[in-house]
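Please keep the sequence and the model open while reading.

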Amino acid sequence: MQKYENLTLDEERALYGVTDAEITNCAFKGPADGESALKETRNVRVADSRFCLRYPLWHAHGATLENCTMEETCRAALWYDKDLHIVSSRLGGIKALRECDDSVLENCQINSREFGWFCRGVKMKNCELTSEYPFMHSRDMEFAHLNMKGKYSFQYTQNVRITDSVLDTKDAFWHGENITVENSIVKGEYLGWYSKNLTFINCKIIGTQPMCYAQGLTLKNCEMQDTDLAFEYSDVHADVRGHIVSVKNPASGIIRAQSIGQIIRDDHQRPGANCVIETAPVREPAAA
């Protein structure tokens with residue numbers, strides 16, 4: 001293995017194309033302001049290092065980053081990469097991850113406005129993410145213990161599984177397909193519009209006008225809070241604990257809840273709308 005230790009590198013393509021290399025305690029910064037420090041690398045391990053310059057890892061295959069920091073100035077850091085493993089690192093800078101295959105992130109803190117676009121095979125565990133448009137047009141992803149604060153999250157995504165997470169985000173899952181969220185809290189406005197085969201299991205869902213224009217929508221043993229005007233024009237099968245503020249013009253399926261404040265069926269219903277809506281209080285267990 002080639003070893004690069006305790007270096008400050010600011011040249012253009014400083015370590016371009018290195019193979020089988022260990023890079024430790026290095027800083028990619030300086031007045032030369034060079035780009036693409038680790039472009040076209042193979043099988044590199046980077047530890048305890050700091051990235052301040054643009055486009056450091058493009059077309060990298062088999063890269064591992066551990067305890068590294070990518071500063072806000074490190075724009076578009078990880079593009080067109082394959083088999084990335086990022087552990088206990090802090091990722092900043094806009095567009096940090098894009099067009100990558102098979103990326104694993106663990107115990108990371110991420111602040112990147114357009115994170116994870118057009119990616120395939122992202123897996124994240126025990127990460128914190130702040131982003132406006134995370135995971136646009138990405139697919140085949142798994143998330144566990146994700147704490148996310150976003151705005152327009154998981155739009156146009158496919159084949160996604162999220163467990164034991166907290167998602168604070170508006171307009172999430174728009175046009176998403178084949179998505180399952182389990183044992184999680186999902187907070188935000190206009191959740192899941194235009195989605196297909198979106199499933200929530202044992203989740204708490206918070207926010208106005210959720211899950212409209214959805215196809216194949218399923219809620220199993222979920223709680224809904226402050227959810228008014230829900231399910232408009234949707235094909236939905238929902239089993240809800242507790243109260244729904246209001247349901248408006250669902251298209252088909254069945255909605256069961258303990259209580260619903262208002263059921264709206266007006267002149268704007270879809271022709272042939274036949275959704276069944278049922279309310280029933282929780283049954284107390286029989287006395288011994």
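## Strands β24, β25 and β26

Ser246 has Gln262 in β26 as its bridge partner. Strand β25 (residues 235-248) is joined in the parallel sense to strand β24 (residues 217-225) by 5 bridges, and 11 bridges, again parallel, join β25 to strand β26 (residues 252-264). Strands here are DSSP runs of E with at least two residues, numbered from the N terminus, and two strands count as paired if DSSP finds at least two bridges between them.

The model is predicted, so that local features need pLDDT of at least 70 and side-chain atom pairs count only at pLDDT 80 or more, while totals for chains, interfaces and linings use all residues. Residues are numbered from 1 along each chain as its sequence is written, and side-chain values use heavy atoms, with hydrogens and water left out.

## His243 in β25

His243 lies in strand β25 and counts as partly exposed at 39% relative accessibility, where partly exposed covers the range between buried (under 20% relative accessible area) and exposed (over 50%), computed with a 1.4 Å probe on protein chains only. Leaving aside neighbours within four places in sequence, His243 is in contact (heavy atoms within 4.5 Å) with Met224, Ser259, Ile260 and Gly261.

The side chains of His243 and Ser259 make a polar contact at 2.7 Å. Such a contact is a pair of N or O atoms within 3.5 Å; within protein, one must be able to donate a hydrogen and the other to accept it, and residues adjacent in sequence count only if both atoms are side-chain atoms.

## Two buried serines

Ser131, which is found in strand β16 (residues 123-131), is buried with a relative accessible area of 6%. The side chain of Ser131 reaches the backbone oxygen of Ser112 at 2.7 Å, and the contacts of Ser131 beyond four places in sequence include Arg113, Glu114, Phe115 and Lys149.

Ser195 is found in the loop between β21 (185-187) and β22 (196-201) and is also buried, at 1% relative accessibility. Beyond four places in sequence, Ser195 is in contact with residues including Phe173, His175 and Tyr213.

Strand β7 pairs with strand β10 (residues 78-79) over 2 bridges, and Trp58 has Trp79 in β10 as its bridge partner.

Definitions and conventions
Helix = DSSP H or I, 4+ residues; strand = E, 2+ residues; numbered from the N terminus.
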